[in-house]
Amino acid sequence: MATVFAAHYLDGQTPVRRRASVRVAATGLEIAVEGGATLWWPLGAIRQTQGIYAGEQIRLERGGAMPETLLVDDPALLVTLRGIGAAGRRFRGPRRPSLRVLVTALAALAVVAVGGALHVWGIPAASSVVASILPVSWEDRIGRAAVAQLAPSERRCLDPALQATVDAIVARLVVRAPDTYRIRVTIVDHPAVNAFAAPGGHIVVLRGLLERTRTPEELAGVLAHEIQHVYHRHPTRLVVQHTSAGLLAAAVAGDVSALMAYSLEAARILGTLRYSRQYEAEADAAGLRMLATARVDPRGLSSFLGQLVPAEKGAPPTLAYFASHPATAERITTLQRLAAEVRDTPTPIVTSRDWKDIARLCGA
Ligand SMILES: [Zn+2]
C-alpha cells in the first residue's frame, strides 16, 4: 500500500501553492514542503472538505478561519488513511471508482434506446444515481453556466451594500455546515417574486422576492430553504433527469458548445420545472434546522410564505415562487410546527440600515 503521495500545500496566509510530499503515518501526516519545512498534522486536527465523490481532488484542511490546505490527486491516499485504524476511518471516498465509465455507459444507453420506454422506467432511476455521484466541481460548472443564462450580467444587481448584507446572512447560515459547496447568491433585477437554486451552490434571488421580504429573517428563511436544495442536490437531480445523458457527458468532458447547449437546457429546466413535494419538505425541514443552528429566528420562512398566501388565490403571474414551490398552505403549517419546537433563543440579524431600504437597493 502506498504511503507517500504527491501533493500541493497552501499555508492559508498566501495564495501560493507549493509542491509537497505527504507521508501517511499511524497518527498523522508528515508533510514535506518543497524548499521549506516539514510539517506534522495529527489526524484528529484534519478536516476532509473534498474528495468524497469520484473525480474530485482530495482536499484536507487544518486550522480555523484561514486554514492550511493540502491538495492530493491520488484517491489511494484515502484508502491508505482508512487502512491505518479508527482515526483514519472518518476519511471518505471516492464514492464510485469509475464515474466516467458510468456516464459514458449512460450516454451510450441514451443513444441506443428508442422511444419512451427507457425514459419511463430507466432514466429517472439512473439519473438519480448520476446526480448523486456527480463531482461537486461538475455541478459547479453546470450551475455557473445555467446562472449565466438565467441572470445575464447586465440584469444583475451589483449594489455592494445589498450584496454584502445578503452574503453576511449566508455566512451566518452556513457557519456550521460542511463546506462541500460554496454558496453564492446572485440578485437579479426582475419583478417576479422568485428565488431558485442551481447546481453547485449558485442561488438566484429576484428583486420582486427581495422587496416582498419584511425582515432579514424572512430572507434568511428563503435562503436556508434554497441552500438545502443545493445540499440535497435537488437542482442537479432535476437537470440530470430532464436532459440527455450524452449531452451531459460531452459538456462535462469539456466540449464548449455542448456545455453551452447543456446550460441552456439546465436554465430552462430550473426556470420552469417544479420540485416534488418530497423535495420541498426536505428543503423546508433541513432549512429550519439550519436557521435554528445559526440562531436565526426560524419563523422567517413561514411568515414570508404566509404573507404571500392571500395573493396566491387568483395567482397573479408575478408570484412565480409558487409555480416552483407548490403546496404552500401545507408547508406553512409544517414549518410553524417545526419552528415552535426550536428551544434556542434567536439572535436578531443586524443590518447597517433599515431592512426596507436595503431590500429596495436593487433597481433603485
Ligand atoms: Zn423549494
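**Entry 1: Threonine 80**

I started with the neighbours of threonine 80: leaving out residues up to four places away in sequence, I found that it touches Met1, Ala2, Thr3, Phe5 and Val24. I kept in mind that this is a predicted model. Next I looked up where threonine 80 sits, and it lies in helix α1, residues 76–83. Is threonine 80 buried or exposed? Its relative accessible area is 4%, so threonine 80 is buried, the cut-off being under 20%.

**Entry 2: From β2 to β3**

Which residue of β3 stands opposite valine 24? I found leucine 29 there. Three residues make the hairpin link from β2 to β3.

**Entry 3: From β3 to β4**

I then moved on along the chain. Strand β4 covers residues 38–42, and its pairing with β3 is antiparallel, over five bridges. Glycine 28 has proline 42 of β4 opposite. This pair of strands also forms a hairpin, with four residues between β3 and β4. I checked the turn as well: glycine 35 there has a positive phi of about 70°.

**Entry 4: Helix α9**

My last stop was helix α9, residues 234–241.

Methods: Residues are numbered from 1 along each chain as its sequence is written. This is a predicted model: local features need pLDDT of at least 70, side-chain atom pairs count only at pLDDT 80 or more; totals for chains, interfaces and linings use all residues. Side-chain values use heavy atoms; hydrogens and water are left out. Two strands pair if DSSP finds at least two bridges between them. Helices (H or I, at least four residues) and strands (E, at least two) are DSSP runs, numbered from the N terminus. Buried means under 20% relative accessible area, exposed over 50%, partly exposed in between (1.4 Å probe, protein chains only). Contact means heavy atoms within 4.5 Å.
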